[in-house]
Amino acid sequence: MQDAIRKATMNKNRLMWLLILLLTGLFSREGEAAHIVGGEITYECLGQVDADRMRYRFTMKVYRDCFGGGAQFDRPGGQVRAILTIYRGTNRTPFRSVDAGAPVVTDILPELGINNPCIIIPTNVCVEEGVYTFEEVLPISTESYYIVYQRCCRNGTINNLRDPGGAGSSYTVEITPLAQNSCNNSPVFKQFPPIVICANEELVFDHSATDVEGDQLVYSFCAPLAGGSRNNVAPNPDAPPPWDQVRYSPTFTSANPMRGDPPLSITSNSGIIRGVPVNQGQYVVGICVQEFRNGQLLSELRRDFQFNVTFCEPQVNASISGELDGGGVYFYETCNDPIITMINRSTNVNFIEDYLWTFDIADASGNPLTFNTRNIVVEFPGPGRYTGQMVLNPGSSAACSDTADVVVVINPPIEPDFTFEYDTCVAGDVAFVDQSTPPPSGIANWDWNFGDFRSSTEKTPSHRYQSPGLRDVELKVTDNAGCTDSITKQVSWFPAPAFIILEPSEEIGCPPLEVTFTNLSEPIDDTYDIRWDFGDGGTSTDFSPVHTYTEPGRKTVTVEITSPIGCYNVGVFEDLVEVDSPPVAAFDYTPKVDITNFNPTVQFIDESKNLVQWDWDFGGFAASGLTDPAFTFPDTGQHVVTLIGTHYYGCIDTFSQVIDVEPRVRYFLPNAFTPNEDAKNELFQPKGFFRGIRGYQMVVYNRWGEVIFETSNPEEGWNGRKFNNGRAVPSGAYVYQVRFLEPRGMPREFQGTVIVIR
């Protein structure tokens, strides 16, 4: 077996050209690939210059492709120096511009970080690192300093950005007020990420940083910052904060910068990047390191760089289904299931000619059990531990060979069981006892589900139900090998309540008294037989009934409760409800007759019973709370007077009577008048009270029966002239006649003689 693997390894060079062709096609396009690919800025505090200023040494690292004629480590116009800008606080005016000088340039060679004898890294993949170092003295401030350097542009072939060829970069660092006062040093990354990584190969890279003060460092993916543009490749001055983030293409984010299975992730406390990229391409990734001291943020170090992903598997790689342990062994474990299906996931299928599976169990001939198909189904003899191996292209010289080791563990069965005990008619605990037969590995966990949304992990728990019912109790046991089995049994829990508790909505009142009896007894539900006796001949079988009492007296209430399995209890509540005598509202009044507009005052006499409050309504004119009030009606007519009587317990009775205030008329005429213009006794007109009369007519005749005055207005009088505007009549006697209807229609007529005296 091992000889075959070594022979295949010796012949690997026959397929090397495939990988070289793939990488060359991805990275050798000079017109597109020669661009800035990443960078970061760090700082060191060199100490105080005086009481108000600190000296800092800044280091900026900028990375670009080695090959091609693209972006250089300088600004346009022939300058071979980098110009940075410093901002303070929220002021958008630059605090200072800094000439960082020319960089020290070195090459960073690619490292794949994998151990595959069938892969050769091409020699035309390289990244240059330009390091700028400069010092600055900054006043100690209560605001942060922001140092920024901006350049355009990135590679146009980047897969995870929108318009990558027009997306520039901003490399920044912030010196917080806390960092200034403590002469803090920013963290420094230990190493640059690998330039080329392999699709479908696990990436494990230590992207951690060092911190001389030993502060806490927290790592995360973050969005790289944009800066510059095609029309302004190197802004001068650089733009102030806040800076725009790069725009990711759909399905990509700063936290998920490339597709992976599993996706790329970074451990927050160690900076370890893990994941398995699945697609070829170029991907921009941003890393942020937050520096904390005593829970306070001191600084944030930001780096962005470019991962170049290619397919690094031109030949074969042994892989099968199952868990892969730390030693590279595929592990299968079942619970009493001897049949295992193993799915072969080896790659590259085009270069696999043969499969050889071998297991340490004997076949029918006594030889080791073997298979030569890609996928296999193996039935093992029973519980136990078995080992095996799958070899790709054993003994073949056509391509590289690879091997996958297999371990299979068949665990013995678990036999869960339990018993339970409780007093069926007492609302107490149910004691559950585990009776499971443990496997050789022993039982690790007991998971009880009591059927009422409550659970326990004790081996022998006790449980009290809050409500009655049939409960399906499940016990699930798990052994130390992770195997699980369960059993379900039914518990019939229908005890009688230990105490019968009820709450009446009313305990005292006058009839009709409606009382709601709320049943608070526990444990019961609507499956229980409940019988009520309300103490007045009324009964009910409702859970919480409503009953109306109509007769006065003290009422004893009895409740009988029987559970579905016959458990019984009774509660007798002596004199629970008291029904008092009802209120009776009544009154009389005086006078009974001759209530008129000339005598409108009525005295009311209370004749009620069982009242504590009197509320009188005098036809809407007024109200009173007196026992025997008197009231003067302001108008004639029939007025309804109502007495609302209130009992001590709040119940009421109402009594009404109609009081008729009769409208009366008083009409008087003089027997003589003197119309001689002396302003005394000039008119013959009626006196009295005649409001409300109708059909009024007064006629005056002379001695020959001639009409000399008439009117339909009782307020108009005769002035001694014919029709009040003719000639004056001579002195003498004149006959008058008056007719009208009183307010309620009674006719009245007056006749007589009036003497005119001149």
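1. Basis. This is a predicted model, where local features need pLDDT of at least 70, side-chain atom pairs count only at pLDDT 80 or more, and totals for chains, interfaces and linings use all residues. Residues are numbered from 1 along each chain as its sequence is written, and side-chain values use heavy atoms, with hydrogens and water left out.

2. Nonpolar patch. Phe499, Ile501 and Leu520 make a nonpolar surface patch of about 310 Å². Patch residues have over 30% relative accessible area and no salt bridge; like charges are joined within 9 Å, and nonpolar side chains (Val, Leu, Ile, Met, Phe, Trp, Tyr) within 5 Å. A salt bridge is a side-chain nitrogen of Lys or Arg within 4 Å of a carboxyl oxygen of Asp or Glu. Areas come from the Shrake-Rupley method with a 1.4 Å probe, and for residues only the protein chains shown count as cover. Phe499 sits in the loop between strands E32 (484-493) and E33 (502-504). Strands (E, at least two residues) are DSSP runs, numbered from the N terminus. Phe499 is exposed, at 64% relative accessible area. The classes are buried (under 20%), exposed (over 50%) and partly exposed (in between).

3. Negative patch. Asp533, Asp536, Glu551 and Glu560 form a negative surface patch. Asp and Glu count as negative, Lys and Arg as positive; His and the chain ends are not counted. A charge is placed at CG of Asp, CD of Glu, NZ of Lys or CZ of Arg. Asp536 is in the loop between strands E36 (529-533) and E37 (539-540). Its relative accessible area is 34%, so Asp536 is partly exposed.

4. A buried loop residue. Ala318 belongs to the loop between strands E17 (296-311) and E18 (323-324). With 7% relative accessibility, Ala318 is buried. Beyond neighbours within four places in sequence, its contacts (heavy atoms within 4.5 Å) include Tyr330, Met390 and Asp402. The C-alpha atoms of Ala318 and Phe587 are 110 Å apart.

5. Cis peptide bonds. Most peptide bonds are trans. The bond from Pro241 to Pro242 is cis, with omega near 0 degrees. Asp261 and Pro262 are also joined by a cis bond, with omega about 5 degrees. Pro242 lies in the loop between strands E13 (216-221) and E14 (265-266). Pro262 is in the loop between E13 and E14.

6. Most residues other than glycine have a negative phi. Phe453 has phi near 65 degrees. Phe453 is exposed, at 89% relative accessibility. Asp594 has phi of about 60 degrees. Asp594 is partly exposed, at 44%.

Note on methods. Helices (H or I, at least four residues) and strands (E, at least two) are DSSP runs, numbered from the N terminus. Buried means under 20% relative accessible area, exposed over 50%, partly exposed in between (1.4 Å probe, protein chains only).
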